[in-house]
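Please open the model in a viewer and keep the selection tool at hand.

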Amino acid sequence: MDAKSAKKKGGRVSKAEKERLQKEEEERRLKEEEEARLIAEREEQERLERERKEEEERQRLELKDRERREDELNELRFMLEENQNAVNTWEATCKQKAKWDRYMLCDGSPNPAVQPEINTFISLWKENPEVQIQPLLQQCALALRLTDELDLLLREEPAPSVAQLYQDTLLSLQSLIHAKHQQATEEILKWAKACSEIETGNMQTVVQDDNITLCLWANLNKNPRFKGYQFKEVGLGFELPKQLAMSDIGVRILHTHYDHLSHLSQKAQAQMRKDAREEVNKETTLAETPKVLEDEEEEVRGSAEQAEDELQSLKSERKKSAVSVHSAKEERKSSSLKERQEGEGGQTETGMEGVASSGEGTDEADSTPAVVEPVIDSTEVHVVDLQQYTPLGGVFYFDVFRLPPQSHTVSGWEMRELLDTGLQVFPYPSEHSQVHSSASGTLDENNTQFPPVGVTVALPDTVVFLEEPQVACWDPVGQHWRTDCITETSYNAEARSISFKMESFCAFTLLQETYANMPFQSWELRPLGQDSALLTITTALTEVSITVKGNQCMLHMDEVHELAHLLGKWMSFSALQTAMRHAGVNIFVNEYSDKYVVVNAKDPLIEHAVYEQMALVSSAFAFSWSKWNAQCGQEHLVLQVCEHLEAGFVPKKAWSLYLLGAQRTQHLKMTEMSSEFSPELAEGTEFHSTFLHMLRDSMSPEGRARVGHSHHLYIHTVQRLLYTTRMLTFS
């Protein structure tokens, strides 16, 4: 009889019936709990058994990896050394050939590496009376070629004494080029009256070649209503206050397509950084000394109750302890420096082997606070930090000169006053007003008396400005660029021009943030065939692609007419890197980059080792950015990998994830689209000590053939491309 029948008969359930129902309910609950317990126990046993088997399998794979570890590292080391030795031999041969070709060059130009030749050239050119603009510009072009040769010689890092000679010669040539431009300017201004225009009564002229654009305007008419002048053919112009419009002056805008000023500031800032590092090291040493002495004092107090002879012995031991502590610190410092140097070289020792040896002391190293190197060592916020900003498009020398005496015709004779003062600068604001303003601090009154001068500049057509450019003027006293003397800046993106005002006449340049393209949003390195690959980097502002074929590189960008001189042209990696930086497309990093960019910090030794091995197999394997690289910690790297032997893009489903660390590399079971990160090993795969051997497990015969026949110059070029972009950290 169930509950419904009971309700129907009596309308209420009896006590016995309630007890029976409760008992049945309790039995059912106990049965369900027992079944659930049995199921949980079975699942737990299955889980434990599965974990036991997984652990056994993992231990088996780890043991197998340890057994072959030495062989894999030795094989990788041998491959890297073999490639590097071949590259070194090729570079040495190229240097010898370049020296011989330079020696056999019979064009009348001096060899800048031979001091007697270059000194004779400089002396003769100083004494050369030629002041006509075209012959003089040809001479300057030769001198600029010599400065380029000296730059190349300095990049080879010669001995310090030789480098100093090259540096002095370079500065002498640069100074002499500027002096020749002054002489040519003076000569043109001397004949301003003869070249004046009928319409304006003034003289204006433009002289151009491949290296400079010279714009000159001579105020012969002295019209008080004159506001300014535009050299429309070159996109340069200026505005003058009334005081200057009524003066005997000549205005010059000299645009040099090269930059002979910034290196002076870089040298000064580098010296300040060096001094700051030494000061930090000195303070650190002074801070550590009291701690050592305090420890020693405690030892002395703890043994004060001992006999006098024991105390004397303790003092002796204390001296030895101090020496040993200092010696141990120096030893650790020397050892650390040596390891860094060997790791960064990465030629005679594989990067993975260096990482493995350093990985054992990671915890101890991480517990030591790192000394943060100062980024900018100037206390003046308006001084341009040339690590953070890059001058682009050359230098614009904006000057005002006293107009040289003009010729007069008297009774058929042409007469001219001759001065031996050379080209004289017209002071604006006047020297007296500058001194008075500095002493009294009445800047507003001074600006009212001497209004600023205006400048309009068309952006150079060989430079890409990804953002609105900044303007900085040159401080010849402090030897640096400054931004506090520029006001009322107006940028026209469509016309690609910028207008602004300056307190006085001085050299100025256009700046762009060096790391505007960083951090990268994504990247991909894809093979195009034997000894050929395409690197594509996507940034927040643009997309840059570089094709590598052998030891040559080619830049690709969409619809950027300013780079017509670069796009689609093969050149060496060094030449491409320099050209891209000068053109405003910088994707390369240096030792200071992480001070200005938010990076995904990774162990540099692991990163270096991965780049080495990526280059080895880049003819057959594609590599790509992974979002999981930011979530696997500093001691590991994650990237997408796929063997790709056909033309075209890599299908999304073809990518696999790999986890790389100091001790081993593994193929992950998860994919890029997984919901959470898991280091679980992919089925049917093993651990390997190197990335190279990990990839070999799944490499096809055709892929092995490509990798085996990769040329050492191609591998070296891809390595340099990866080293200088550091995409695993800067994306």
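Begin by selecting helix α2 (residues 15–104) together with helix α17 (residues 712–725), which pack at an angle of about 100° with their axes 9 Å apart. Helices here are DSSP runs of H or I with at least four residues, strands are E runs of at least two, and both are numbered from the N terminus. Axes are lines fitted to C-alpha atoms, for helices over the stretch in contact, and angles between N-to-C directions run from 0 to 180 degrees. The helices α2 and α17 are therefore roughly perpendicular to each other, a term for angles of 65 to 115 degrees.

This is a predicted model, in which local features need pLDDT of at least 70 and side-chain atom pairs count only at pLDDT 80 or more, whereas totals for chains, interfaces and linings use all residues. Residues are numbered from 1 along each chain as its sequence is written, and side-chain values use heavy atoms, with hydrogens and water left out.

Next, display the side chains where the two helices meet. On α2, select Leu80, Asn83, Gln84, Ala86, Val87, Trp90 and Glu91; on α17, their partners are His712, Leu713, Ile715, His716 and Gln719. Contact means heavy atoms within 4.5 Å. By class, the contact of α2 with α17 comprises six nonpolar, five polar and one charged residues; Ala, Val, Leu, Ile, Met, Phe, Trp, Tyr, Cys and Pro count as nonpolar, Asp, Glu, Lys and Arg as charged, and the others, Gly among them, as polar.

Move on to Cys473 and Cys485, which form a disulfide with sulfur atoms 1.7 Å apart; the criterion is a pair of cysteine sulfur atoms within 2.5 Å. A search of the whole structure finds one disulfide. The torsion about the S-S bond of Cys473 and Cys485 is about -110°, so the disulfide is left-handed. Cys473 is buried at 5% relative accessible area, and Cys485 is buried at 11%, where buried means under 20% (1.4 Å probe, protein chains only).

Finally, select Met614 and Phe623, which touch the most other members of the largest nonpolar core, a set of 62 residues. Such a core joins buried Ala, Val, Leu, Ile, Met, Phe, Trp, Tyr and Cys residues through side-chain atoms within 4.5 Å. Helix α14 (residues 604–616) gives the most to this core, with six residues. Leaving aside neighbours within four places in sequence, Met614 is in contact with Trp523, Leu525, Phe623, Leu639, Phe691 and Leu722.

Conventions. Parallel < 35°, antiparallel > 145°, perpendicular 65-115°, else oblique. Buried < 20%, exposed > 50% of the residue type's maximum accessible area, 1.4 Å probe, protein only.
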